[in-house]
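Thanks for coming, everyone. Please have a look at the structure on the screen, and then I'll walk you through it.

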Amino acid sequence: MSAVILKQDMSAYQRWELGGFDQHKTAQPNSNAAAIELPTASDIERIHHDAHKQGFDAGYEEGTARARIEALRLNTMVEQLEGALTEFDQKVAEQLLALALEIARQVVRQAVAVKPTVILDAVRDTLLQLPYLHATIYLHPEDASLVRLYLGDQLGHAGHRLLEDASITRGGLRIEAGGTHVDATLETRWKRVIESIGTNSDWVEAAAENT
């Protein structure tokens, strides 16, 4: 059965027509695109300033770290230099002291060789330390001859005896009296002087090295 379409019902339908190719399709708005905002000139300037400041801060910290390392290295070098100078000064002082001691040894030995009568004063000074009579004096044979020549009578009247001992260095002596022993050899006297200045240098070794 065919249906009858009334005219008034035709108004409810739109007439379809082929559109032209020159017509533009209306774009629907994109919500995501609408949310994107381009930076302004002030934003760009602020970003540039922040980046510059961050770079400056990083460079400053790096430069400061390098400066600290260089300062530490320089301080270490200064300490090492001071230590080296101190060690050098100490070595020089020790060498000067050794030289002074060697000169003193040579002077004493030369004085004994040039003026052997110095043994007379040594005998007198040593006897003054002993209140006892009848002391026994040990001397080098050559010194004993000099003492007998110049002090023989005086020592004899006091009851002292002279004995020769070739092991005693010229210029030195040993005395025994009343159980007391006095060591006035050059070696012992030299050792006392050396110890008083806080060093150590043996007379016998020095003499042996120079003979």
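I'll start with the whole chain, then take the sheet, the helices and the core.

A word on the source. This is a predicted model, where local features need pLDDT of at least 70 and side-chain atom pairs count only at pLDDT 80 or more, while totals for chains, interfaces and linings use all residues. Residues are numbered from 1 along each chain as its sequence is written, and side-chain values use heavy atoms, with hydrogens and water left out.

The protein chain has 7 helices and 4 strands. Here helices (H or I, at least four residues) and strands (E, at least two) are DSSP runs, numbered from the N terminus. In sequence order the pattern reads α-α-α-α-β-α-β-β-β-α-α. Of the 211 residues, 20% count as buried. Buried means under 20% relative accessible area, exposed means over 50%, and partly exposed is in between (1.4 Å probe, protein chains only).

Now the sheet. In what order do the strands of the open sheet stand? The order is S2-S1-S3-S4, with mixed pairing. Two strands pair if DSSP finds at least two bridges between them. Strand S2 (161-164) and strand S4 (180-183) are at the edges with a single partner strand each, so one side of each has no neighbour in the sheet. On average, neighbouring strands are turned by 20° against each other, direction ignored. For angles, axes are lines fitted to C-alpha atoms, for helices over the stretch in contact, and values run from 0 to 180 degrees between N-to-C directions.

Strand S3 (residues 173-177) runs antiparallel to S4, and 4 bridges join them. Alanine 177 has threonine 180 in S4 as its bridge partner. S3 and S4 form a hairpin with 2 residues between them. In that turn, glycine 178 has a positive phi of about 55°. S1 and S3 also pair in the antiparallel sense, over 4 bridges. There, threonine 136 has glutamate 176 in S3 as its bridge partner.

Look at the faces of S3. Leu173, Ile175 and Ala177 make the covered face. Arg174 and Glu176 make the uncovered one. In a regular strand, side chains alternate between the two faces of the sheet.

What packs on the sheet? Helix H4 (residues 118-127) does, touching strand S1 (136-139), S3 and S4. Contact means heavy atoms within 4.5 Å. The direction of H4 makes about 30° with that of S3. Helix H5 (residues 141-157) lies across S1 and S2, and runs at about 170° to S2.

Which residues of H4 are buried? They are Ile119, Leu120, Ala122, Val123, Thr126 and Leu127. These residues cover an arc of only 165° around the axis, so they sit on the same side of H4. The arc is that of the directions from the helix axis to the C-beta atoms. Their cover includes S1, H5, S3, S4 and helix H6 (186-196).

Next, the core. The largest nonpolar core has 19 residues. A nonpolar core is a set of buried Ala, Val, Leu, Ile, Met, Phe, Trp, Tyr and Cys residues joined through side-chain atoms within 4.5 Å. Those with the most contacts inside this core are Ile119, Val123, Ile137, Leu139, Val147, Leu173 and Ile175. H4, S1, H5 and S3 are the elements that give two or more residues to this core. H4 gives the most, with 5 residues.

Take leucine 139. Leaving out residues up to four places away in sequence, leucine 139 touches partners including Ile119, Val123, Val147, Leu162 and Leu173.

Aspartate 143 lies in helix H5. Aspartate 143 counts as buried because its relative accessibility is 0%. Again leaving out residues up to four places away, aspartate 143 touches Pro116, Ile119, Thr169, Arg170, Gly171 and Gly172.

Finally, leucine 186 is in helix H6. Leucine 186 is buried, with a relative accessible area of 8%. From C-alpha to C-alpha, leucine 186 and threonine 169 are 6.7 Å apart in space, though 17 residues apart in sequence.
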